[in-house]
Amino acid sequence: MGSDRFASLKGRAGRVLLAVSGGIAAYKAPELVRALVKGGHNVRCTLTPAAERFVSPLVLSTLCGARVRSALFDSTEEGEIDHIALADWAELVIVAPATAHLLARMAHGLADDLTTTLLLATRAPVLAVPAMNVNMWRHPATQQNLVLLRERGVRFLGPEAGELACGWEGEGRMSEPSAIAAMAGLLLTPPTLAGEVLLVTAGGTREAIDPVRAITNRSSGKMGFAIASEAARRGAQVVLVAGPTSLATPLGVRRVDVESALEMQLAVQRELVSATVVIMTAAVSDFRVAKPADRKIRKEDLPPGAGLSLELVRNPDILKQIGEEKGRRIVVGFAAESHDLVENARKKLVAKKCDIIVANDITREGSGFDVDANAVVFVWPGGGVEELPLLSKLEVAGRLLDHVEKLRDARQGGAPGTKADG
Ligand code: CTP
């Protein structure tokens, strides 16, 4: 199972049809083919007639190992694989770059060349990666075409803002090939969590002492971000409530930034209504300063040589509250322990009414805070314990979500958690 899971973490490799249209960003097409091939995908390419002016078919066919197609009525090309068979062959179609003209043709269902014909004929998901001049992008005609295409299920990535080849600055740059390849992996992964709404919390909270100082902890948020990323890859709708962290938002995840435990509690309460699965990885501060100072506390304002005492009050236990009103939701808690790992985790499992507690030994080297690996133990109601070896946090996320799926499947037939349940 371990190696299978690892393969799925990279995104399932599949048959990808890359349609390149005629914009200057087509020069990145060879790099994109390389990134896709490196990801294990079987890649075929088509070029629109305009794209042939920007990128050599020979380069692309050498990189993907198959003849590049551009003509609809070419008997040699059609003889090898006809265009309908090519449309059926694809498990994912990527249009990159997608020019304003190609998006317009897609939106209006034209089939006036090989690429647009394939796009009409295929039943595979389509990912469009726009690249154009900023004014063309913002033009109402383009924006309305996007609305139409989105309604029909076309997925979009970018465009990014920056310096454009045409000399203008603004949105219009094609997303990087590595990001497109990552998105391809995501779209090809079987959507085993489709229909689920995951609420994940991550990172530590920051409790203000004064406007510049705070009480916080060493949690990096990496575990929660890995879970959010893997859940999105499996087709879940994911809301990530994150304490202060510089980590990038995973693809396809909606992020809500918070600072203190009270802010996290509020955000969680708001999102809980639609959540079917809740995973609390956040290291919530158990205490906050009773009366944070409005102004910076200065040594000079204290008697000479005097220390400073802070009065701390208890923060709400967010997970415990979720446990109280969980309804049919699957609730996962985390427990960071320095001793009596399983025993303490079991107490938390019962006290917070969780379906699983993921416990980790924070004293173990190479595992836990601010590193990419974690050695965890799953603790179940009824006394079950499963000890995992030291794994990457992404792999731990995969193992955890496998269990969430099993629990969901075992409960199948019941409606997901709603406010009325709680
Ligand atoms: N948690 C929470 N709200 C808090 C404290 C913790 O929701 N105020 C959640 C964490 O997100 C985690 C779980 O509870 O999923 C366990 O947190 P931990 O701090 O390890 O346990 P505590 O219950 O705070 O117990 P202790 O600090 O005494 O070990």
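Author: The axes of helix H11 (222–233) and helix H15 (393–410) come within 8 Å and cross at roughly 55°; axes are lines fitted to C-alpha atoms, for helices over the stretch in contact, and angles run from 0 to 180 degrees between N-to-C directions. H11 is therefore oblique to H15, given that angles under 35 degrees count as roughly parallel, over 145 as roughly antiparallel, 65 to 115 as roughly perpendicular and the rest as oblique. Helices (H or I, at least four residues) and strands (E, at least two) are DSSP runs, numbered from the N terminus.

The model is predicted, so that local features need pLDDT of at least 70 and side-chain atom pairs count only at pLDDT 80 or more, while totals for chains, interfaces and linings use all residues. Residues are numbered from 1 along each chain as its sequence is written, and side-chain values use heavy atoms, with hydrogens and water left out.

On the H11 side, the contact (heavy atoms within 4.5 Å) is made by Lys 222, Met 223, Ala 226, Ile 227, Ser 229, Glu 230 and Ala 231. H15 contributes Lys 393, Leu 394, Val 396, Ala 397, Gly 398, Leu 400 and Leu 401. By class, this contact has nine nonpolar, two polar and three charged residues; Ala, Val, Leu, Ile, Met, Phe, Trp, Tyr, Cys and Pro count as nonpolar, Asp, Glu, Lys and Arg as charged, and the others, Gly among them, as polar.

Leaving aside neighbours within four places in sequence, Leu 400 is in contact with Ile 227, Ile 279, Val 332, Phe 334, Ile 356, Val 358 and Phe 378.

The largest nonpolar core has 33 residues, and Ile 227 and Leu 400 are among those with the most contacts inside it. Such a core is a set of buried Ala, Val, Leu, Ile, Met, Phe, Trp, Tyr and Cys residues joined through side-chain atoms within 4.5 Å, where buried means under 20% relative accessible area (1.4 Å probe, protein chains only). Elements that each supply at least two residues of this core include H11, H15, strand E8 (197–202) and strand E16 (330–337). The largest share, seven residues, comes from H11.

Technical notes: Buried < 20%, exposed > 50% of the residue type's maximum accessible area, 1.4 Å probe, protein only.
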